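Here are my quick notes on this model. Have a look at the fold before reading on.

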Amino acid sequence: MRKHRDEVLAPVLVNELKEALAAGESSLLYINRRGLSRYVACRDCGSPLVCPDCAVSLVLFSGGNLCCRYCGQTGVAPEACPTCGSPDFRLRSPGIEMAAREVSRLLP
């Protein structure tokens, strides 16, 4: 089981990136996951945000837009969970936007 489950980038990767930067080298990350998060779920009841047409989890983008990766339906992220009304969501399965934010934070 991964010890860094809630981290966007693995500690080994972060160390390698820092070492390359310190040595004046460049690094390239290939992340084949669109958006900010590919799985958004309510922290209180656990219900995921899913496409109403095909029941696939929706991809959240940094502008607050949601998109189904299967049928392409789009919409705006809700302010609260449609199931229980909680405003607290958990972003799982980070996408390229979240990884880019984390790299910028760790390696300004």
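1. Ground rules. This is a predicted model, with local features needing pLDDT of at least 70 and side-chain atom pairs counting only at pLDDT 80 or more, while totals for chains, interfaces and linings use all residues. Numbering starts from 1 along each chain as its sequence is written, and side-chain values use heavy atoms, with hydrogens and water left out.

2. Layout. You get 2 helices and 5 strands, in the order α-β-β-β-β-β-α from the N terminus. These are DSSP runs: helices are H or I with at least four residues, strands E with at least two. The C-alpha trace spans about 50 × 25 × 25 Å along its principal axes.

3. Burial. Of the 108 residues, 26% are buried (under 20% relative accessible area with a 1.4 Å probe, protein chains only).

4. Helix α2. In α2 (residues 96–106), Met98, Ala99 and Glu102 are buried. Seen down the helix axis, the buried residues fall within an arc of 100° and so line one face; the arc is taken over directions from the axis to the C-beta atoms.

5. What sits over that face? The cover on the buried residues of α2 includes β1 (37–42) and β5 (89–94), where contact means heavy atoms within 4.5 Å.

6. The strands. β1 has 5 of its 6 residues buried. It pairs with β5 in the antiparallel sense over 5 bridges (DSSP has to find at least two for a pair), and cysteine 42 stands opposite phenylalanine 89 in β5.

Notes:
Buried < 20%, exposed > 50% of the residue type's maximum accessible area, 1.4 Å probe, protein only.
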